Amino acid sequence: MTLTDLEPIDGRPGVPLGTSFLPEGSRGVKLEPAGYVEQEFLVTGDARDWQDDDGAAVPAGQAGRFVTRVLVRRPADPARFNGTVHVEPLHPDYDQALTWRTVHQHVLRTGAAWVGVTQDHRMVPVLAEHFDPLRYAGLRIDSFGHRFDIVGSVVAGLRGEATSVLTELAPVVQRVLLSGWSYTGSFCRVFLADGFHDRCRLPGGRPAVDGYLIGISSGAAGESGYPPLTADAARVASDDPRRTIGGHDVPVIELLSEFESETHASAARADSDAAGDRYRLYQVAGTSHDSPASWGLLTNHEQCRARGLAVPRCRIVEQPSRARMDVVGRGAYAALERWVRDDEPPLRGGRLEFTGRPENELARDADGNVLGGIRPPWITAPAATYSPHSTPATGFCEPSPWAPMGTPEMVAGLIANQRPFRPHRLAELYGDAAGYLAAYDREVTAFADDWHLADADRQLLTDLAEREAATWRTTAHTERNISA
């Protein structure tokens, strides 16, 4: 698990796959107004294969050479850097940066840095043969199992003068947070449970990673919840204790939507503030695995579509959900950073409730909204019923080429939707639109205070209610005209 060479490739023709912003169509996130720059490196090092030996990861064979690419977004002015680095293993769906999609507002606002690492061997032919053969010539990841050492090498090198992709910021790196969402969230679970965190140390023994956030990954969800160490390895047993996050010397947060919570029960555990076991599980009511509110923030699919690569399209029959899982996510990232930096334990959240018939059926109130869990304002002052499963529109929701979700129905089953309350139900709850907005505003204030939300995220939650109120007024007006 060593790095031997860094090569900046910003000077090569073209732009990175997953670049922060595409001027054509104004897709993505502009960095310049926030005083940030984007850099890209080819990183060379050695990585081993690993195999499962009676529930433990052990080396398999000799180390092999890898050449991967690493994307960096950091303050242009080093004096603005706050010492925190968010690292993520990029997702095998065209190297999408799912952590960046959620945390970028927090990063840009606070002066943190972000690092994304290509770690999946399936991305090498996509990048070096199909996307940009000149820019990505020389990429090499020979094995599915090298990915853990690849990420560990980049993370361990962040504080080294000769091995850090953060270059001049390396001496002032204070905190490294490793996180992933969906499949890459599961990557982080394996990284912890199979000992890669313990192997990834700095001189003197300090862990190279100071905290973890595992997003929308159910530990009990078969192979997707705990990917095997090698491509041909047997799936980890459903009762394997590694599926449940154990005690570690750094804080760990798991953040789940309703979708993952349906299958996570057997991998769930109690929260803890113990010195060697700082842990939180947050289950967010009224959310699902794929949130339409976050679509359009990443550029990867648009770039790949322009090069003729097969890119999935998603469209559902129902009204897409406006719920903002990303707001809760940024609150969780900020809480994790305070936990690491100040040893300030974050709030504890209730768990979602189950009916017990069948075992994974979530309990719901009379309006169809789930009971228990982290309850954002769209649940505590609701104007709609929120569902974690949707129906594919005909001809849409085809799976990505990499994905294990094999049918449009399975893809749509990951997408959140909402069914607005009828005007008479809203009137029963709030009287009129003004009453709804007042009730919702009170819930926003309480929720934002609990989660220490930034002003921008408070405003996002407020805007959500304004849109619902506008829809309510329009629907009520239409129904009055029909009745007349």
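Angles under 35 degrees count as roughly parallel, over 145 as roughly antiparallel, 65 to 115 as roughly perpendicular and the rest as oblique. The structure is a predicted model, in which local features need pLDDT of at least 70 and side-chain atom pairs count only at pLDDT 80 or more, while totals for chains, interfaces and linings use all residues. Residues are numbered from 1 along each chain as its sequence is written, and side-chain values use heavy atoms, with hydrogens and water left out.

**Helices α3 and α4**

- Helix α3 (residues 147-156) and helix α4 (residues 183-193) cross at roughly 85 degrees, and their axes come within 11 Å; axes are lines fitted to C-alpha atoms, for helices over the stretch in contact, and angles run from 0 to 180 degrees between N-to-C directions.
- α3 and α4 are therefore roughly perpendicular to each other.
- On the α3 side, R147, F148, V151 and G152 meet Y183, F187, V190 and F191 of α4 (contact means heavy atoms within 4.5 Å).
- This contact of α3 with α4 comprises six nonpolar residues, one polar and one charged (Ala, Val, Leu, Ile, Met, Phe, Trp, Tyr, Cys and Pro count as nonpolar, Asp, Glu, Lys and Arg as charged, and the others, Gly among them, as polar).

**Helices α1 and α9**

- The axes of α1 and α9 lie 9 Å apart, and the helices pack at an angle of about 70 degrees.
- That angle makes α1 roughly perpendicular to α9.
- In α1, T99, T102, V103, Q105 and H106 meet D326, G329, R330, Y333, A334 and E337 in α9.
- The contact of α1 with α9 has three nonpolar, five polar and three charged residues.

**Largest cavity**

- There are three cavities of 30 Å³ or more; on a 1 Å grid over the protein atoms alone, a cavity is a set of points where a 1.4 Å probe fits but cannot get out, a pocket is an open set with protein on both sides within 12 Å along at least five of seven lines, and lining residues have an atom within 4 Å of a point.
- The largest cavity has a volume of about 140 Å³, a volume being the space filled by probe spheres set on the points, which are joined across faces, edges and corners.
- Its lining includes R101, T102, W181, H289 and D326.
- α1 (98-110) and α9 (325-342) each supply at least two residues of this lining (helices, H or I, at least four residues, and strands, E, at least two, are DSSP runs numbered from the N terminus).
- Four nonpolar, five polar and three charged residues make up the lining of the largest cavity.

**Second largest pocket**

- The second largest pocket has a volume of about 210 Å³.
- Of its 16 lining residues, T19, S20, L31, E32 and E38 are the closest to its centre.
- Strand β4 (residues 36-52) gives the most to this lining, with five residues.
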